[in-house]
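Let's take a walk through a protein together, one piece at a time. Have the viewer open and follow along as we go.

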Amino acid sequence: MTFLYEILPTRLSEIDVQKSEIPKIISTNLNKKFSIRPYQNEAFWRFIAFYENNFKGKQKPPYHINFNMATGSGKTFIMAGLILYLYEKGFRNFLFFVDSANIIEKTKENFLNGLSSKYLFAKNLYNNDKKEIKIKEVKNFEDVDNKSINICFTTIQKLHSDLTKTKENSLTIEDFKENKIALIADEAHHINADTKNGNQKTSDIIPTWENTVINILKHNYSNILLEFTATLDFDNQDIKLKYLDKIIFKYDLKQFRLGGYSKEINLLRSRLEQNDRILQAVILSQYKQEVAAKYGINLKPVILFKAKRTIKESERNKKKFHALIENLTASQIQNIENTSAVPVIQKAFNFFNENNISCEILSDRLKSNFDERKCLSANNDAEKEQNQIILNSLEDLNNPIRAIFAVQKLNEGWDVLNLFDIVRLYEGRDSNNNRPGKTTIAEAQLIGRGARYFPFKILKQQDLYTRKYDKDLTNELRILEELYYHTQEDSRYISELKTALIETGIYEDDNDLIQKNLILKDSFKKTNFYKKGFVLLNKKIPKKYDDVKSITDLALSKKNIEFELHSGAGDIITAFSDNNQTKNIIKTKQKNIELKNIQKHIIKRALADNPFFRFDNIHKYFPNINSTSKFIEKKEYLNALEITFKGTEKRLQKISNKDLYLAISKILKQIEDEIKNNSTDYQGTKDFYYKSIQEVFKDKTLKINKNDERINGQEEFLKDKKLYVFNANYGTPEEKAFVKMFEKKYKHLKKNFKDIFLIRNERVIKIFNFKDGQAFEPDFILFITQKEDEQITYQVFIETKVTGYVSKDKCKEDFLKKIRDNKKTIDILTHKYRITGAHFNDVVNETEFNPNN
């Protein structure tokens, strides 16, 4: 059995559907604070391609679609984008439902509160005709605004109740007969009980959550149901059959983690009394805050203290915690330093000592940071609404909370990025036949929810939203990419928890990971090049348009557009007549009018009605323009443009101001579209700066899965090779083949060059495309110095690819060519460096690579 997400690309290729950019209704109306990640882009494209094309095996309307996506991967962001797309397709009414009131409040913040740090839409929304779109919350779909996005928020429980027991102002089944509605189900696994229990037939008689939703969907042929969940029970055959033609996109926790979008999970087990375990977790949390502060990162790490079953138990934990913190002494902290054998705790104390943070200072800081006012119980239903606001804004600067105490309240719908520690304040297991029990599985799922990555970067070229130190585990900042789950030492429980975590995909067993030390060879460290050499890099900067001197530099390959005038002329022919000659041939002519001959108030009105042409935006793209009037009057801009009006001779004689306005609006829309397509927010500098070789290339510790093809590091082959600076090469098979091929050229190169050094780039170096600032990590950097004439050191960025894949990386190849064409030479002290890029090479055909290029 094959799922839709598996066969969809094939079905679309069969009808020649090519991938395209997502519609501007999505890209321009989502909050720019949240960039669209590659996998989210794929999710959007798949839905749009499904919706707009017919292909073999496609389900019949009303469509029922599922997005099976990992917790933390941005399901609500996808919802927001699809709401915008469906609005453009004629939908005005959206029903959002879920099983938890907490998630309702969180989603309202995401969709309705423009002041929220997690608001997903742009400040102002516009459709493709530049008309403003409003988002409105509604109780039902009676008398709704057909120009707005109308969203009704409800729980599945209330939805079911409203439709089975009629109430005033509530939703009724009539709402779904008379209105085209997009249903959005979050945590959709909760509406599968009938299917899971094999009750699909009897559920048609007895109203249930599941058949309530299906009945709503089927009440209007044009309705659509979009489900979102991270949890589907594919071990259940009925669930599997139900979703075969419905899951359009699958992005699980394993993919999420491997993509670098999550924290790495560490299980910290210790043989300590509960108070000492709590204190150890609090010290580790403070260590993370101190590291962040050292690098100018604004971070307030949060700890979750988890009780097993009851609220009373959680409240007791909270009371004990406050007593521990209030009475905390430096000697207690000193005791943890002396007794804890956990490496990360020892690393924390080494940091404290190096940065003059004594046990006395640490004690004072912990008392202040974990004061009772900065701790929250998430169990109190009486303060549920206020708690939800606090829990959903934990990353905000004005939110003081450092510790949270809970039982089950946070098992679903909790969206937090700065959770770095979870402390299990109970013992015991609930395994069944050596398999993880329900409690352990729930704990694993909670860990997965807490593993959302906290975005930070200290270098401009770093990606804000992904892990940066997977290949630099000893880096001080690595601690900010890790979530610690603190538990009592219990080997059987830890084994079961690992099993549950591995099954979710968020965890990789340490037993499968082998630590490898990547070490610079002593022979290289002794060279003059290592001691005094440099590596050259460029920067990513905001796009500058200083060189744009006319409208044709960014848009409009031609300065003329055509505009057809509607005349009302027409004719009638008889459908079944043998004589299909029209009686009156409609003759059209054309007339050219330059914009400089059109009254300025008409042009200004057209500009004012298009938000893209606000003056601040005009000045952004055309910085040499200092007023809207100049944009209209100067020949390099609108003044030189021309409109060709087409119509009947009579109509051409009566071109009205409205006709002129509509034609100018058309040309402005064309300019806008071309500017957006031809411009980017960033660019890579063509000027390069330098850093010392010693500063950039260092020893590193790597963890590689024992089954990974990279595990063989070519140590034996490389140990006596002078050109390769590290002791090993943990690259791909293609990269290993490249090193062997390059070694064969080494003797030949030594005739004309010296100081020949090849370095594999272990995510240390990024360079940025001149055009759009796109980051690019070359596979290798080659340094090679000319012996005779002028002594120039060539720094060559090299990308290795195998046959058949070169075309897929055309943009990288083009960038390397631009680097070569740039011919940048830099004088550093008394030495010259020239930056170049190597041709993409095919390791099968070794003659294609030439380092002299």
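In what sense do strand β14 and strand β15 pair, and over how many bridges? They pair in the parallel sense, with three bridges between residues 419-424 of β14 and residues 482-488 of β15. Before going on, keep in mind that this is a predicted model. To see one of the pairings up close, find Ile-422: its bridge partner in β15 is Tyr-485.

β14 and β15 belong to an open sheet of six strands, and its order reads β10-β15-β14-β11-β13-β12, with parallel pairing. The strands at the edges are β10 (264-270) and β12 (375-377); each has a single partner strand, so one side of each is left without a neighbour in the sheet. If you ignore direction, neighbouring strands here are turned by 20 degrees against each other on average. Helix α13 (residues 311-326) packs on this sheet, where it touches β11 (302-306), β12 and β13 (403-406). The direction of α13 makes about 165 degrees with that of β12.

Cys-359, Leu-362, Ser-363, Leu-366 and Asn-369 are buried in α16. Why do we say that they line one face of the helix? Look down the axis of α16: its buried residues fall within an arc of 140 degrees, so they line one face. What do they pack against? Their partners are α12 (274-294), α13, α14 (330-339) and α15 (343-354).

Next, head for another sheet. This open sheet has seven strands in the order β5-β6-β2-β7-β8-β1-β9, and the pairing is parallel. At its edges you'll find β5 (135-137) and β9 (247-251), each pairing on one side only. Here, neighbouring strands are turned by 20 degrees against each other on average, direction ignored. Four bridges hold the parallel pair of β9 and strand β1 (residues 63-69), and Phe-67 stands opposite Phe-249 in β9. Helix α3 (residues 38-52) lies across β1, β8 (224-229) and β9, and it runs at about 170 degrees to β9.

Between α3 and β1 there's a loop, and Pro-62 sits in it. Check the link from Pro-61 to Pro-62: it is a cis peptide bond, with omega at about -5 degrees.

Which residues touch the most other members of the largest nonpolar core? They are Phe-47 and Phe-67, in a core of 60 residues. Helix α4 (residues 75-88) gives the most to this core, with 10 residues. Leaving aside neighbours within four places in sequence, Phe-47 is in contact with Ile-65, Phe-67, Leu-82, Tyr-85, Leu-86, Ile-224, Leu-226 and Ile-248. There is also a second, separate core of 56 residues, and Leu-758 is one of its members.

Let's follow Leu-758 to its surroundings. Its bridge partner in β28 is Leu-782. Strand β25 (residues 753-760) and β28 run antiparallel and are joined by six bridges. β28 also pairs with strand β29 (residues 792-798), again in the antiparallel sense and over six bridges, with Phe-783 opposite Gln-795 in β29. Is β28 (residues 780-786) largely enclosed or left open? Six of its seven residues are buried, so β28 is largely enclosed by the rest of the structure.

Finally, stop at a few loop residues. Asn-192 is in the loop between β7 (181-186) and α8 (193-196). Its relative accessibility is 3%, so it counts as buried. The side chains of Asn-192 and Lys-242 are joined by a polar contact of 2.6 Å. Asp-16 lies between α1 (4-14) and α2 (24-27), while Gln-714 lies between β24 (700-705) and α28 (715-718). Phi of Asp-16 is near 60 degrees, a positive value in a residue other than glycine, and phi of Gln-714 is near 60 degrees too. Which of them is buried and which is exposed? Asp-16 is exposed, with a relative accessible area of 58%, whereas Gln-714 counts as buried at 7% relative accessibility.

Conventions. Residues numbered from 1 in each chain as written. Predicted model: local features only at pLDDT ≥ 70, side-chain atom pairs only at ≥ 80, totals over all residues. Heavy atoms only, no water. Pairing = 2+ DSSP bridges. Helix = DSSP H or I, 4+ residues; strand = E, 2+ residues; numbered from the N terminus. Axes fitted to C-alpha atoms, helices over the stretch in contact; angles between N-to-C directions. Contact = heavy atoms within 4.5 Å. Buried < 20%, exposed > 50% of the residue type's maximum accessible area, 1.4 Å probe, protein only. Polar contact = N/O pair within 3.5 Å; in protein donor to acceptor, adjacent residues only side chain to side chain. Arc of directions from axis to C-beta. Core = buried A, V, L, I, M, F, W, Y, C linked by side-chain atoms within 4.5 Å.
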